[in-house]
Amino acid sequence: MSVLDKVVAAVTPPESDKARAEARAKARAAARPGDWLSMVLEHHVQIEQAFADVKSATTLAARLSAQKTLAVILTGHSNAEESALYPALAGADEKSHATSAYAEQAAAKTQMGLLERLAPMSQDYLDKLEHIRGAVAHHVYEEEGNWFLELKEKVPAEQQAKLTERYAEEFERYVGEGVGRSTVEI
Ligand SMILES: [Fe+2]
């Protein structure tokens with residue numbers, strides 16, 4: 001088993017749905033309308049929906065279209081976190097958490113690339129999709145329940161606006177302008 005496979009395998013199976021819901025509630029309480037954390041939370045919800053849409057697609061065309069949507073939002077979100085948020089986490093004396101975050105996302109990106117090489121309507125495809133979904137769900141749980149709360153707490157207020165600006169800039173660079181802005185009331 002490769003190192004990247006081990007990272008994914010190690011984080012599966014994830015924690016309970018209840019634990020995940022509690023982590024999200026904590027993160028929502030820490031977020032402010034329009035800030036980087038509110039955007040991240042909105043994107044996490046969109047990613048969960050995109051995984052569900054790929055799984056439930058019943059035709060080849062629908063599955064390929066849903067897979068593309070998932071890949072765009074997941075890559076755009078991951079790239080923005082890697083450029084804007086994880087460096088700030090490392091700079092806030094949380095280097096080991098930042099390292100885990102990068103490693104988990106590298107594993108997810110690798111697996112998403114491998115998913116593209118499988119027959120979209122096959123069981124192997126669905127198995128890999130579920131594997132990636134579980135790993136991403138665990139990663140999201142770590143961010144919402146721990147890492148991003150640290151970032152909110154440890155980064156001074158005057159630098160929080162810069163994080164919001166940089167996260168939005170990187171997300172929009174990949175996904176498209178206006179798509180990443182929060183429309184959800186936290
Ligand atoms: Fe995330």
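Trainee: Where is Leu60 placed?
Mentor: Leu60 belongs to helix α4, helices being DSSP runs of H or I with at least four residues, numbered from the N terminus. This is a predicted model, in which local features need pLDDT of at least 70 and side-chain atom pairs count only at pLDDT 80 or more, while totals for chains, interfaces and linings use all residues. Residues are numbered from 1 along each chain as its sequence is written, and side-chain values use heavy atoms, without hydrogens and water.

Trainee: Is Leu60 buried, partly exposed or exposed?
Mentor: Leu60 counts as partly exposed because its relative accessibility is 44%; buried means under 20% relative accessible area, exposed over 50%, and partly exposed in between, with a 1.4 Å probe and protein chains only.

Trainee: Where is the kink in α4 centred?
Mentor: The kink is centred on Glu82 and is about 45°, the bend being the angle between axes fitted to the seven residues ending there and the seven starting there.

Trainee: Changing topic, how many salt bridges are there?
Mentor: The count comes to 13, a salt bridge being a side-chain nitrogen of Lys or Arg within 4 Å of a carboxyl oxygen of Asp or Glu.

Trainee: Which residue pairs with Arg24?
Mentor: Arg24 forms a salt bridge with Glu144, with 2.9 Å between the closest N and O atoms. Glu144 lies in helix α6 and Arg24 in helix α2, so the pair ties together parts 120 residues apart in sequence. Glu144 is buried at 2% relative accessible area, and Arg24 is buried at 12%.

Methods
Helices (H or I, at least four residues) and strands (E, at least two) are DSSP runs, numbered from the N terminus.
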